[in-house]
Amino acid sequence: MSQPFAAFTEETLAVLVGVFYDRVRQDDLLGPIFNGVVGTEEAAWDRHRARIVDFWSSVLLSTGRYEGRPMVVHAGLPMIGPDHFRRWLALFQDTAQGLFTAEAAARLAETSTRIGRSLQMGLAVARGEDAGKYL
Ligand code: HEM
């Protein structure tokens, strides 16, 4: 890549999400889960990616475009545990480092870690589990 992205824009977030989910789909731990839930059709993946770009656009650009409820969606996926979150965050942060400047990648790392923690705490409570086993 010639120049790392320094700013969050619709375009740079779409690249981040595209590269990240390409890696997720090939990952030995996460791939089977995503390919099982989203499927293997490109149209389904286009919808998933568009939704996730909306999510990051709302978080980082305050566009308010994402109106879903991630906690409810993940609570409906009983196979997801701490190992999945660790792998998800490691892949996401590694992808961010490969595309963005150090400063922008650090912001993505911080934000994804915070959201990951809150999702996992919510899941633990919803499942009646000990939150201590997460992170
Ligand atoms: C910080 C970590 C994570 C973030 C920020 C995140 C974010 C999201 C968001 C915003 C959605 C869309 C929900 C909706 O439809 O409104 C989603 C869906 C989903 N996530 Fe996560 N997620 C995270 C971790 C994980 C992990 C660890 C897994 C485990 C494999 C996972 C699996 C899924 C699946 C299968 C869907 C449903 C996809 C679909 O039906 O299109 N996520 N996630």
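## Close-up views of a ligand and its surroundings

View 1. For His74, an N or O atom of the side chain is 2.8 Å from a nitrogen atom of the ligand.

Residues are numbered from 1 along each chain as its sequence is written, and side-chain values use heavy atoms, with hydrogens and water left out. Because the model is predicted, local features need pLDDT of at least 70 and side-chain atom pairs count only at pLDDT 80 or more, while totals for chains, interfaces and linings use all residues.

**View 2. A shell of 23 residues surrounds the ligand.** Each has a heavy atom within 4 Å of the ligand. The closest are Phe34, His48, Arg51, Tyr66 and His74. The shell holds 16 nonpolar residues, six polar and one charged. Here Ala, Val, Leu, Ile, Met, Phe, Trp, Tyr, Cys and Pro count as nonpolar, Asp, Glu, Lys and Arg as charged, and the others, Gly among them, as polar. Helices H2 (31–37), H3 (42–61), H4 (70–75), H5 (82–99) and H6 (102–127) each supply at least two shell residues. Helices are DSSP runs (H or I, at least four residues), numbered from the N terminus.

**View 3. The largest nonpolar core has 32 residues.** Such a core is a set of buried Ala, Val, Leu, Ile, Met, Phe, Trp, Tyr and Cys residues joined through side-chain atoms within 4.5 Å. Leu16, Tyr21, Trp56, Phe100 and Leu108 have the most contacts inside it. Helix H1 (10–26), H3, H5 and H6 give two or more residues each. H3 brings the largest share, seven residues.

**View 4. Thr111 is buried in helix H6.** Its relative accessible area is 4%. Buried means under 20%, exposed over 50%, and partly exposed in between (1.4 Å probe, protein chains only). The Thr111 side chain reaches the backbone oxygen of Arg107 at 2.8 Å.

**View 5. Asn35 is partly exposed in helix H2.** Asn35 counts as partly exposed because its relative accessibility is 24%. Asn35 and Trp45 stand 10 residues apart in sequence. In space, their C-alpha atoms are 9.3 Å apart.

Terms used:
A polar contact is a pair of N or O atoms within 3.5 Å; within protein, one must be able to donate a hydrogen and the other to accept it, and residues adjacent in sequence count only if both atoms are side-chain atoms.
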